[in-house]
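Welcome, and thanks for taking a look at this one with me. Please have the sequence and the 3D view open as you read.

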Amino acid sequence: MGRDAMKTHDQLSAHQHEIANLDLRDLIERDDRAATCTFEHDGLLVDLSRHLVTADTFDLLRKWSRERDVFARRDAMFAGDPINTTECRSVMHVALRNQSDRSMRVDGQDVMPAVRAQLDRMRSFVSTIHDGTWLGWTDKKINAVVNIGIGGSDLGPMMATEALRPFHVRGIRSYFVSNVDPSHLHDVLEDLDPESTLFIIASKTFGTQETLANAKAARRWLVEALGSDQAVARHFVAVSTNASRVESFGIDLDKMFTFWDWVGGRYSMWSSIGLSIMVAIGPSAFDALLQGAFEMDEHFRTAPAEENIPLNLGLLDCWYRDFWGCASRVSLPYDQHLRHLPAYLQQLEMESNGKQVQLDGSPVGSGTAMVVWGAAGTNGQHSFHQMLHQGTTVVPADFFIARRPIGDIDDGRHAMLVANCLAQAEVLARGRTLAEVTNDMRAAEDGDEDIKRLAPHRVMPGQRPSTIFAYDQLTPQTLGRLIAIHEHRVFVQGAMWNIDSFDQWGVELGKKVANTLLPTITGEQSGTGDATSQRLIAFLRNGRSHSSS
């Protein structure tokens with residue numbers, strides 16, 4: 001950290017001590033709160049009013065971001081510079097949704113013609129599925145699509161497909177298989193007709209172990225049912241960069257959709273990895289998804305610091321992680337269609353910024369990624385919200401709420417949903433004092449003994465920060481904006497911590513060790529793994545042999 005940045009860091013530390021005892025109730029009521037803590041972008045409202053910050057906090061955080069060259073790193077990303085330094089790669093997922101005529105270059109080459117060509121191929125293929133000109137091996141129309149992938153080849157497409165369920169094309173059912181646990185694929189295939197099922201195998205290298213194991217099992221299921229290896233070409237397509245492996249699997253190369261090494265897995269739903277999304281919602285809705293993300297890219301690229309939504313969200317995350325010691329953040333979509341958003345954000349943030357060294361290999365001087373978790377409201381209110389309100393750990397919260405639901409389905413329940421969302425945020429911030437609890441119990445004519453015994457259990461400390469993301473409806477365009485905001489939010493965190501947000505070496509070692517253990521587990525050899533693993537392998541192998549005898 002440079003000398004100026006260290007000085008600002010020290011100022012922020014002192015500032016945190018100064019405001020630590022301020023009452024969030026009082027902060028919320030300040031006259032300048034709306035001006036300093038709310039951001040609006042074309043119908044999307046991001047309300048930061050319930051945060052443990054003042055105008056001075058934001059001034060210091062933005063000053064710190066200038067000293068950390070966050071916008072310079074942002075510009076380097078958009079310019080196609082290899083900001084993924086450990087892999088010497090550009091990071092250009094923004095090119096995948098570029099709706100302008102502006103060229104975007106990697107290694108001096110404009111990538112936009114190739115991006116647009118792949119999108120056109122996707123649109124053309126999806127149209128043949130929808131209009132029935134693409135038929136299965138027995139000339140049946142496709143009515144079920146199973147995406148087989150893992151990580152970024154599953155979480156993003158699955159989340160977006162479920163989020164946009166009201167926009168699904170009729171007659172097509174979407175399924176996702178990721179876990180190598182045989183039960184996952186088995187449960188999906190159990191009610192499907194092989195004659196009308198299409199599989200999308202999503203793997204950049206076409207060598208991801210879990211994905212290929214499931215793909216081969218799906219292939220066996222299909223061939224056994226239809227009686228011919230040639231049926232594979234009518235029921236399987238690939239999203240990959242490895243043509244030889246795709247072809248050897250039996251998939252025609254004209255049904256291989258590709259992407260590029262400058263597309264990270266957790267940022268890939270905008271590419272051909274999003275083929276399953278496009279099949280579900282159609283090309284026009286997919287274009288709207290890209291448009292929403294592009295709009296937020298332009299906002300992040302051009303908006304000044306005082307108005308820049310992803311910048312200020314990322315800076316708040318660093319504020320809580322570095323100066324308040326917050327180790328987790330909870331994601332609370334009060335929107336059933338966004339129920340998979342917390343799982344998606346887990347990968348986006350924790351795989352990106354769960355790092356312990358800076359770009360130069362030296363240790364980071366602070367914490368990095370927070371644990372991201374959560375569930376859809378109002379379900380979470382009846383499980384873990386108790387800890388959020390009265391637990392000893394402060395967990396910043398993100399709430400997501402629409403002004404109105406999609407479709408004519410409201411009978412008062414949406415108003416109830418909104419009331420619950422706002423109530424949870426208000427109670428987290430304001431809490432309930434012992435005096436307030438005592439007064440309420442006296443008003444209810446509770447006796448002094450009950451008040452003395454029960455009142456402490458009903459106190460809520462408050463001072464729990466939260467963000468409200470409010471939008472008109474969860475349309476494809478809105479979803480695109482929300483996801484792009486969080487991508488850039490994670491970028492800001494990584495830039496502030498001076499880490500590489502775009503590699504994932506921590507994922508690779510576990511895969512490598514699993515490969516060394518597998519021969520011992522299958523009985524092909526013995527002795528791999530440490531002493532504990534060998535004992536566990538012996539136990540698991542014995543159990544398997546007993547169950548099969």
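Below is a short briefing, from the whole chain down to one residue. Keep in mind that this is a predicted model. The protein chain averages a pLDDT of 95, and 98% of the residues score at least 70.

**Overall build**
- You will find 22 helices and 13 strands in the protein chain.
- The C-alpha trace spans about 80 × 60 × 60 Å along its principal axes.

**Packing and surface**
- Of the 549 residues, 51% are buried.
- Among contacts with a separation of 6 or more, 73% join residues 24 or more positions apart.
- The chain carries 54 positive and 70 negative charges, whose mean positions lie 3 Å apart.

**A stretch to treat with care**
- Over residues 545–549, pLDDT stays under 50.
- For residues 545–549 the model has zero contacts beyond four places in sequence.

**A closer look at Leu 44**
- Leu 44 belongs to strand S2, which covers residues 44–47.
- Because its relative accessibility is 3%, below the 20% cut-off, Leu 44 counts as buried.
- Beyond its neighbours within four places in sequence, Leu 44 is in contact with Phe 39, Met 296, Ala 470, Tyr 471, Arg 481, Leu 482 and Ile 485.
- Val 106 is 62 residues from Leu 44 along the chain, and their C-alpha atoms are separated by 32 Å.

Note on methods
Residues are numbered from 1 along each chain as its sequence is written. This is a predicted model: local features need pLDDT of at least 70, side-chain atom pairs count only at pLDDT 80 or more; totals for chains, interfaces and linings use all residues. Side-chain values use heavy atoms; hydrogens and water are left out. Helices (H or I, at least four residues) and strands (E, at least two) are DSSP runs, numbered from the N terminus. Buried means under 20% relative accessible area, exposed over 50%, partly exposed in between (1.4 Å probe, protein chains only). Contact means heavy atoms within 4.5 Å. Lys and Arg count as positive and Asp and Glu as negative; His and the chain ends are not counted. The place of a charge is taken as NZ of Lys, CZ of Arg, CG of Asp or CD of Glu. pLDDT is the predictor's confidence in each residue, from 0 to 100.
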